[in-house]
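Hello,

Here is the structure we talked about. Please open it first, then read the notes below.

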There are 2 protein chains.
Amino acid sequence: MPRPGKGGRYHHGDLRAALIDTAIELIGERGVRGFSLAEASRRLGVAVSAPYAHFTDRDDLLAAVAVRAYEQLLAELMPDIGGLQEPADRLAAIARAYVRFAATSRPLFEVLYEAGLDKARHPEIEAAERPLSDAFLDCVRALSGDDPAGGSSGEMADDLATAIEATAHGHAVLLLDSGSGQDTDAVELAAERTARATLALVAGRHLLGRPAGPVGAKTPGPSPGDA
Amino acid sequence: MPRPGKGGRYHHGDLRAALIDTAIELIGERGVRGFSLAEASRRLGVAVSAPYAHFTDRDDLLAAVAVRAYEQLLAELMPDIGGLQEPADRLAAIARAYVRFAATSRPLFEVLYEAGLDKARHPEIEAAERPLSDAFLDCVRALSGDDPAGGSSGEMADDLATAIEATAHGHAVLLLDSGSGQDTDAVELAAERTARATLALVAGRHLLGRPAGPVGAKTPGPSPGDA
DNA sequence: GTCTATATCCCGATAGAC
DNA sequence: GTCTATCGGGATATAGAC
């Protein structure tokens, strides 16, 4: 572990790790688009050419940040779903954690969706994402499998997975976009809303996978057991 | 209407309008972050300083594009909800149109969410958005008002509105991010999924506005009428 | 309203010395 | 593994002429 403020040059420490840290710091201040290798180098007191000893180019460094992002999200997720048995509850917990992650680790979240990284050129990213999507899809499959009413269950699994993913991501993006990403109360509100919306989608999952006529020929109605 | 390819300079035509068109074109090719006034000028065959006669700076041009985006989205929306009476169906139609808009007018959609425009400095944007959010919120209020089971209905309206907004936006973003934004079938699939997810949220709206204990202490269950 | 010219600043990436 | 030096590129914005 190098000491960024020691006054010395980085002739020794772990510049690679320091660059990742500094990148995250910088992205937090100016956004992904405002990040540059040159600025990171300046901040670390090294030459602008130094990073190229550890990363082939700018995107390569950002890819390393993306990997860290998925690792951290997974680490934050685990304790949350550990005690939950019901797939629906696990999904809600995952969605809640996702929104919290977006707000509390905004730079990492940003890298995942705004860096414009070519995942084909950086397979490490998808590899780091894998365990996460596996955990997510396991829950979804468990739910669509035990629904006797649905059509082909694979289809409905896709529909449900997409709906939950979209809802969680949407809540996260809207929260950050609203500028309330630093307000703890606002974050918790958004996180809880996301969890409940997830449960609502699960409860109404039989509405998701339809051939669909005019969609609302009558009206789906406030669902049984409402009034 | 000027003729961009006429060979002449823009000593006469409507450069302001041409700049907006070119901006959209350019954003379609390189994304918002890849857009520059310089490149737009080059493409129109005018000096790089010419745009400053019509826009105070780069963001000012992008703001004009954002206004057009909201105008077009509204125009596309109107016919879709015109014939629908039920608020739930109108919401589903709005959500569906939103996703279609994101895919078929990607540059416009991108400007709204990735340009990083300061809405305080460009009030025109919010003004253009207003009629749209009004139409949306009217539907939501109609739904949360006539629900006898809910708590304070204003609260639940907020929850439902946020959930639907997040779901629609999330579907749109995921669709574009997947790279299937040009594939008509993929777009329609996403749009229909969004519409159905919206209906599912409406049907399960009584699950959204809870004080919420441990959220899934027991499990909300697959909803009545499921098995 | 547009042009020419210019000032100013930033970036990514490479070559070659140490 | 890091530094110095540099090339080549692009951007925003302004000044002053026409």
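The surface near DNA strand C is made of 11 nonpolar, 4 polar and 4 charged residues. Here Ala, Val, Leu, Ile, Met, Phe, Trp, Tyr, Cys and Pro count as nonpolar, Asp, Glu, Lys and Arg as charged, and the others, Gly among them, as polar. A residue is near a strand if its C-beta atom, placed from the backbone, lies within 6 Å of it. Helix α2 (residues 37-44) of chain A gives the largest share of this surface, 3 residues.

Now DNA strand D. It has 19 residues around it, and A:V46, A:A47, A:S49, B:S49 and B:D57 come nearest.

**A note on the model**

This is a predicted model: local features need pLDDT of at least 70, side-chain atom pairs count only at pLDDT 80 or more, and totals for chains, interfaces and linings use all residues. Residues are numbered from 1 along each chain as its sequence is written, while chains are lettered from A and ligands numbered from 1 in the order in which they are written.

**Chain A**

Chain A has 8 helices and 0 strands. Both are DSSP runs, numbered from the N terminus: helices are H or I, at least four residues, and strands are E, at least two. Of its 227 residues, 39% are buried (20 or more other C-beta atoms within 10 Å of their own, C-beta atoms being placed from the backbone). In α4(A), 16 of the 18 residues are buried, so this helix is largely enclosed by the rest of the structure.

Best wishes

Terms used: Buried ≥ 20, exposed ≤ 12 C-beta atoms within 10 Å, placed from the backbone.
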